[in-house]
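Thank you all for making time this morning.

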Amino acid sequence: MTPLSLKKIGKSYDGRNYVIRDLNLEIRAGEFMVFVGPSGCGKTTLLRMIAGLEEISEGEVAFGDSVVNELDPGERGAAMVFQSYALYPHMTVAENLGFGLKMSGVAKAERERAVNDVAKVLQIDHMLSSKPKSLSGGQRQRVAIGRAIVRNPKVFLFDEPLSNLDAALRVQMRIELARLHKQLGTTMIYVTHDQVEAMTLGQRIAVFNRGRIEQVGTPLELYERPENRFVAQFIGSPKMNVLAASGNEAGRLKIHSAGTIPVPIAQPASSAIAAIGIRPEDVVLHEAGTPDTLAASVTMIEHLGDATVLYLEIDGADQPVTAKLHGSNKQYSPGDTVGLACVDGKMHCFNAEGAAIR
Amino acid sequence: MQPTERNRPRKRWLSKKWAPYVFVSPFFILFAIFGLFPLLFSVYVSLFRWDGVSPLSQMKWEGFGNYLYVLELEGLDFRTVFTQAFWQDVYSRDFWRSLYNTLWIGVVAGLPQHLIAIPLAVFIHTQFRRARNGILAIYFLPFITQTVAIVLVFQALFSAKFGVINSLLTGIGQWEVAGFAPFSLMFPTEPVDWARPQKTPWIVAFVVWWRYVGWNTVLYLAALQTIPKDLYEAARVDGASPWRQFVHITLPQLRPMIFFAVTLTLIGNLQLFEEPYVLTAGTGGIGQVAETSAMYMLRVAMTDGDFGTASAVAWLLFMFVALLTWMNNRVLKPKD
């Protein structure tokens, strides 16, 4: 079990424009760390820098106590699972699994034993002599994971490994990956743009945006106490409703022209509030005109079975507000007017820069 | 209402049933005249004695006589097949000598083409980004240059008295430090007579190699560009050195192209004609040391005026090419 430490990491291809700048992160030994963020946020670049596939322009990457900046990928003791699997098409499954061991000069008998062991764990032992071409997507995924496991690496790196699988298989592989992590106890870093994967797999999640880490924390921390608007809106589905707030006169906030609500947090921090955030699942709907609610009208309804998603229009806001209602016994239809409020203590407040205020 | 010119039904000169056949017929007509007919006619001619000029009525039936004449097997003592004398005897027979020359030049010119083109393509692929096409064009240039122009340049280079090659070699050979010429053992001190028969096949092979190495480089470069980058990345993470990446990723991935390129070289070199013909001014060199089978065929047809035998040579050569291609197929063709 190896901890990783990333210190003042910077990445630039031309020396002027940085895709990653001044990034610091400590990954604990045996931790399942997920890098999540929108496309082009630098999460894959960082993973590739850890793997050694991308040069580190600035800063230090250390595995345990040893700085690995100058080491070749093969010398770092990291194994990587690629998005495309990157299986060697001309080699059999067994040869694919054993390639890394062969490169590090492990004797044939020992190699075969290791390959067989891993194949058994991943239930691919019956296809050892097939070529990757004849395997299904899920099977290829297993071989790619097996190729990483067989070398007994210090760190596993996953680069969006499930994005080429269909939804059902993705759920299944997600569970298997979580089980695998429990079984092996190895440090794992997992890159994804899918927040569901991030929330279900990660012990801690680092949310990336434009080459910076916005917040690092456990899934629940990120969900319940996002540090800024970006994290608040990135984590959670449907995403958090953010409404511009103004006024703050006599302890009340004016939300567009839809009404006023009491300031949800204690003074004096409240004076900086520029926006409020309400998660769709925290929205409460009252009769229209109820005090301390916002006037809204239902525009669209989606029935998901276990829940109902309502899209509401509130006066003066250009974005619709989403409400996710569980087991509500009241039926709504488009055009209904309601009073919108938030579950007590669940409202998030942000200042003009987007940072959370508590 | 009177039917106007426009909406009166057009008269068909071609029925709907026959139109498709008529439209595709030009290819078949041309192919039949210029492809199929000469092919079949050469089979026919190879069974007759005919000088190519006389009326067809004067063709004389030979059966497989032309083939036997070309193969010239009578008088060969097969009990002595393991002696040098036997093979010297074989070499003295025109067809076999031309076949030997063809094979020799084919291997000496062909093998290094691939042994150089593959690493060269990898080098260009990995080391150049923007300059790649320019550099490739330089290597490709000999391929699109007129054979005659190439040969004139090489004749000037290899000229015994005034050639650049000789002045370079003798320059190194004669170079002296304090009255001692350190390179005189490895390099000639006197101009080399490149026209000597022992050297002729080497020069032909060199020109052929020089001419086609760029072509093969282009083929391999195209194939290299289709190898996914992440295979190399996976191999690097697996700890493979650049050399092992070449051996374990590049070469196996290039295999289909190697098969294709070697097949082209094989077929091309067995039909080799232009370079040796122009370099030896059509003679095949002293003692016909560089006369290829294609040149021999031309000599039989044009000089000897024996189109029947020449056709037999062509068909024997075809069978030989087919045999070698089949063998290449067995050895290099990608499995599954």
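Let me begin with a question: how many residues of domain 1 of chain B are in contact with domain 2 of chain B? Seven residues of domain 1 of chain B are in contact with seven residues of domain 2 of chain B, where contact means that the C-beta atoms of two residues, placed from the backbone, lie within 7 Å. On the side of domain 1 of chain B that touches domain 2 of chain B, the classes are five nonpolar, one polar and one charged; here Ala, Val, Leu, Ile, Met, Phe, Trp, Tyr, Cys and Pro count as nonpolar, Asp, Glu, Lys and Arg as charged, and the others, Gly among them, as polar.

Before going further, a word on provenance. This is a predicted model, in which local features need pLDDT of at least 70 and side-chain atom pairs count only at pLDDT 80 or more, whereas totals for chains, interfaces and linings use all residues. Residues are numbered from 1 along each chain as its sequence is written, and chains are lettered from A and ligands numbered from 1 in the order in which they are written.

Staying with chain B, the domain assignment, which is automatic or from a database, gives domain 1 as 78–158 + 194–332 and domain 2 as 159–193, and the C-alpha centres of these two domains lie 30 Å apart. Helix α4 (residues 94–127) of chain B packs against helix α8 (residues 200–224) of chain B at an angle of about 40°, with the axes 6 Å apart. Axes are lines fitted to C-alpha atoms, for helices over the stretch in contact, and angles run from 0 to 180 degrees between N-to-C directions; helices are DSSP runs of H or I with at least four residues, strands are runs of E with at least two, and both are numbered from the N terminus. The crossing of α4(B) and α8(B) is right-handed, that is, the near helix is turned clockwise from the far one by less than a right angle, and the contact between these helices has 22 nonpolar, six polar and no charged residues.

Also in chain B, B:S25 sits in helix α1 (residues 19–45). B:S25 counts as exposed because it has 12 C-beta neighbours inside 10 Å, the scale being exposed at 12 or fewer other C-beta atoms within 10 Å, buried at 20 or more, and partly exposed in between, with C-beta atoms placed from the backbone.

Turning to chain A, 41% of its 358 residues count as buried, and its secondary structure comes to nine helices and 21 strands. The C-alpha trace of chain A spans about 80 × 45 × 35 Å along its principal axes. Chain A is divided into domain 1 (4–227) and domain 2 (238–357), whose C-alpha centres lie 39 Å apart.

Within chain A, helix α3 (residues 93–103) and helix α5 (residues 137–149) pack at an angle of about 30°, with their axes 7 Å apart. That angle makes α3(A) roughly parallel to α5(A), the class for angles under 35 degrees. From α3(A), A:V93, A:N96, A:L97 and A:G100 meet A:V143, A:G146 and A:R147 of α5(A), and the residues of this contact divide into three nonpolar, three polar and one charged.

Finally, the contact between the chains takes 17 residues from chain A and 15 residues from chain B.

Technical notes
Parallel < 35°, antiparallel > 145°, perpendicular 65-115°, else oblique.
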